[in-house]
Amino acid sequence: DVQLNIKGESGKEFLNVEESLKDFTAEETLEGDNAYEAEGHGKQRAKKGIRFLTFPPVLNLQLKRFHFDIEKMDMVKLNSRFEFHRRLDLSSFAPNGGVYILYAVVVHSGDVNSGHYYAHIKPSMEQGWVKFDDDTVTPCSEYAAVEDNYGGSDQVVWNYFDRTPRELRGQTTPTRPRIHNAYMLVYIREDLAGRILEPPDPQATNAKMVERCDREVRVQEQRKREKQEQQLRIRIRLVFEHDLCRMNGFWDHNEIPHNDRQSLKMGR
């Protein structure tokens, strides 16, 4: 996972994934009192930073929406607008970085103390987007999966009839933060998408799980057959005179001696 800042250490808010990646790979010059301590050579002026050598076929980008606010001395959620695109060209960040396409968007709705997670996933290149919200799975539009989760703010309803035209000219429409926004992005490499999204062979992936599922299906089918048989057929126990003669006093049907050879199955 690559953790990307929504807001930099200097307080600058980044607009999109590309800007945040540039900040992630930005070089820092170590000099003066902060110079690099080189063993045997003392303090040296140096550059420090991160470089990508390669990217995996499936790339997870975590957006750092939760941020420690120095002024408030508390954790806050950043709801500022942060864009991510359907195609992400990473060739400038690593040799043969390649082009990635958006596969899934995990959304957090709420504040820093409470919230709800759900995901938008595009199962294949041909299919549209699907929303997974707990046990509710529904198709959704591309706008609902992508643009609607950029964050930012929404306009709110307000009564402009109680203001004069002069006041309205200088009045701006009130807004409120959009509390649902992308928290994690999953990209897949475009030239490998066909192989990555190919349905796996369950037997090769997890043979034990396949065997367990097959066993559960067999047990369920057996119970279904037994239930159907109970509805269509009836078991009759044969009781002979010599069995009844051995009974004394008061008795119920369960006390009558019998064995499986004295029972028959017949149609109802």
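These legends describe close-up views of a predicted model. Local features need pLDDT of at least 70, and side-chain atom pairs count only at pLDDT 80 or more, while totals for chains, interfaces and linings use all residues. Residues are numbered from 1 along each chain as its sequence is written, and side-chain values use heavy atoms, with hydrogens and water left out.

**View A. N16 sits in the loop between β1 (2–5) and α1 (17–24).** Helices (H or I, at least four residues) and strands (E, at least two) are DSSP runs, numbered from the N terminus. N16 counts as buried because its relative accessibility is 16%; buried means under 20% relative accessible area, exposed over 50%, partly exposed in between (1.4 Å probe, protein chains only). Leaving aside residues up to four places away in sequence, N16 touches F82 and E83 (contact: heavy atoms within 4.5 Å).

**View B. The N16 side chain meets the backbone at the start of α1.** A side-chain oxygen of N16 comes to within 3.3 Å of the backbone nitrogen of E18. The N16 side chain also reaches the backbone nitrogen of E19, at 2.9 Å.

**View C. V17, S20 and L21 are the buried residues of α1.** They lie on the same side of α1 because they cover an arc of only 100° around the axis. The arc is that of the directions from the helix axis to the C-beta atoms. The buried residues of α1 pack against β1, β6 (58–64), β9 (87–89) and β16 (180–189).

**View D. Q44 belongs to strand β4 (residues 42–44).** Q44 is partly exposed, at 35% relative accessible area. A polar atom of its side chain lies 2.7 Å from the backbone oxygen of H41. Beyond residues up to four places away in sequence, Q44 touches L30, A35, Y36 and A38.

Conventions:
A polar contact is a pair of N or O atoms within 3.5 Å; within protein, one must be able to donate a hydrogen and the other to accept it, and residues adjacent in sequence count only if both atoms are side-chain atoms.
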